[in-house]
Amino acid sequence: MLAAMPPPSSTPPNQGEPRIEDPLGAVVREARTPDRDATGEPGRPAPVVRDRGDACPGALRLHTADDGRLARLRLPGGMLTNHQLDALATAAERYGDGHLGITSRGNAELRGLGDSCGAGLAELLRGAGLLPSERHERVRNIIASPLAGLDGLGHGDLRPWLRELDALLCGRDWTAALSGRFLFALDDGRGDVAGLGADVTLLAQPGGETAVVRVGASALRVAAADACRAALAAAHAFLATASAAGNGAWRVRELPPGCAVDLATALEHAGISASPATADVPPVSTPADIPDSATANTPAGPAIANASAASAAPGIVASPDGTYALVVVPVLGRVGARRLRALAGPAGEIRVTPWRGFVVPGFDERAARERLRELGDAGFITAPDSPWTGVGACTGRPGCAKALADVRRDALPGPGALPVYWSGCERRCGHPQGDWVDVTATADGHYTVAVRGAAAREVPVAEGELAEAVARARNGHT
Ligand code: SF4
């Protein structure tokens with residue numbers, strides 16, 4: 001069983017060796033030679049992909065930015081109670097800049113925090129039940145199908161899995177060795193989060209009796225009752241595999257060739273029966289990571305890895321039980337404390353989506369329409385055809401020292417077939433994948449416009465006609 005497993009050693013930093021920058025910007029260098037490669041022959045040296053400790057911000061480990069300290073709070077499955085929503089609004093008002101950012105993992109970000117806020121912030125979050133384990137606060141990275149159990153699609157309610165997996169993560173010492181970027185995905189079978197590049201994915205299966213657990217290219221079917229223990233066993237096997245590989249991997253995709261996680265053996269050691277998963281297992285993952293950042297595109301953008309994500313598009317969702325849920329999205333992924341409190345719902349539950357939106361369940365039809373109108377009046381995106389749909393921006397000024405412009409002020413709404421992303425410098429942090437329009441600040445106070453992706457091209461910008469250039473690029477005109 002898992003509790004009897006020896007804790008794996010964490011990935012070593014391997015400091016002191018020469019560095020080589022790889023094309024993706026990660027630091028690569030020669031690591032110690034693995035004993036064997038995939039063929040059983042002596043392996044080639046594995047490149048080290050991480051040579052630093054994990055500096056991911058958390059609720060207790062604050063990151064220093066130009067606009068003050070930054071805290072990132074993990075919300076497993078994006079789940080919040082009304083009380084927790086209010087606590088986050090209070091934290092933003094009392095300690096931060098009055099706003100909450102939503103990340104692409106459905107987590108929450110507070111910015112503009114004062115240097116001495118740590119103890120008070122922790123006490124506030126702890127009192128709201130948002131810090132169940134301080135040792136594990138940065139490893140509670142779980143995304144889940146946000147409409148599970150609400151719209152009649154998928155194969156049921158994921159909340160029992162969420163509670164169990166979170167409790168398992170917080171209840172083991174060794175799980176604290178996972179990176180703050182290691183990600184679990186719980187998919188109710190509709191495939192909306194299974195393609196978002198998680199390290200370990202659980203897929204609910206029809207009938208609710210079984211689940212598919214997937215890590216890397218391996219997928220096996222297990223009993224639904226064993227699913228969370230299977231996910232934890234997969235994570236444990238990853239740590240052991242990464243330690244043996246010696247390349248500092250934080251994510252499954254960072255393991256060197258020939259160092260795959262042996263899922264079958266991991267489940268066997270955990271005492272979990274498994275069988276081949278032969279049907280309907282979505283692709284392993286998107287090639288890109290999901291940045292856990294509060295600055296990126298809104299729901300129409302291609303960070304949505306598949307069409308089923310449209311089920312979390314802004315609007316009203318009807319449930320088979322006769323109730324209705326709202327889906328709303330804050331412009332550019334940030335919401336002020338007062339508007340945040342306006343999301344409190346009749347079911348006492350709010351779900352933050354991996355597309356920076358909120359799901360508020362439990363309305364009757366009339367109340368749903370009324371609340372949606374109110375939230376629209378308050379500035380939320382409430383319909384897919386909003387001019388802000390598909391518009392994203394990085395942090396920019398004043399929060400980022402590298403920024404050449406206040407991109408969140410400059411970003412323009414407008415309809416467009418392609419998503420658009422405004423960047424304060426050429427790093428383009430959190431930009432979308434696929435086809436998108438790139439608007440990047442330049443040192444001379446202007447912006448460049450380009451289409452990225454399959455139809456890549458530069459778009460000329462005449463003096464004073466930035467909006468026109470962006471619109472042309474978004475709608476495929478030259
Ligand atoms: S793209 Fe540049 S300006 Fe924007 S957050 Fe990244 S480093 Fe800062």
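1. Val-439 stands opposite Val-449 in strand 22, and this pair belongs to the antiparallel pairing of strand 21 (residues 436-441) with strand 22 (residues 447-452), which extends over six bridges. The model is a predicted one, and the points that follow should be read with that in mind.

2. Strand 21 and strand 22 form a hairpin with five residues between them, and within the turn Gly-445 has a positive phi of about 85°.

3. Strand 22 also pairs in the antiparallel sense with strand 23 (residues 457-459), here over three bridges, and Val-451 has Arg-457 in strand 23 as its bridge partner. These two strands again form a hairpin, with four residues between them, and Gly-453 in the turn has a positive phi of about 110°.

4. The ligand is surrounded by Cys-394, Thr-395, Cys-400, Lys-402 and Ala-403, together with Gly-424, Cys-425, Arg-427, Arg-428 and Cys-429. By class, the residues of this shell comprise five nonpolar, two polar and three charged.

5. Helix 3 (residues 159-170) packs against helix 4 (residues 227-245) at an angle of about 40°, with the axes 9 Å apart. Because angles from 65 to 115 degrees count as roughly perpendicular and those under 35 degrees as roughly parallel, helix 3 and helix 4 are oblique to each other; helix 3 passes helix 4 in a right-handed crossing.

6. On the helix 3 side, the contact involves Trp-161, Glu-164, Leu-165, Leu-168 and Leu-169, which meet Ala-227, Cys-228, Arg-229, Ala-231 and Leu-232 in helix 4. The residues of this contact divide into eight nonpolar and two charged, with no polar ones.

Definitions and conventions. Residues are numbered from 1 along each chain as its sequence is written. This is a predicted model: local features need pLDDT of at least 70, side-chain atom pairs count only at pLDDT 80 or more; totals for chains, interfaces and linings use all residues. Side-chain values use heavy atoms; hydrogens and water are left out. Axes are lines fitted to C-alpha atoms, for helices over the stretch in contact, and angles run from 0 to 180 degrees between N-to-C directions. Angles under 35 degrees count as roughly parallel, over 145 as roughly antiparallel, 65 to 115 as roughly perpendicular and the rest as oblique. A crossing is left-handed if the near helix is turned anticlockwise from the far one by less than a right angle, and right-handed if clockwise. Contact means heavy atoms within 4.5 Å. Ala, Val, Leu, Ile, Met, Phe, Trp, Tyr, Cys and Pro count as nonpolar, Asp, Glu, Lys and Arg as charged, and the others, Gly among them, as polar. A residue is near a molecule or strand if one of its heavy atoms lies within 4 Å of it. Two strands pair if DSSP finds at least two bridges between them.
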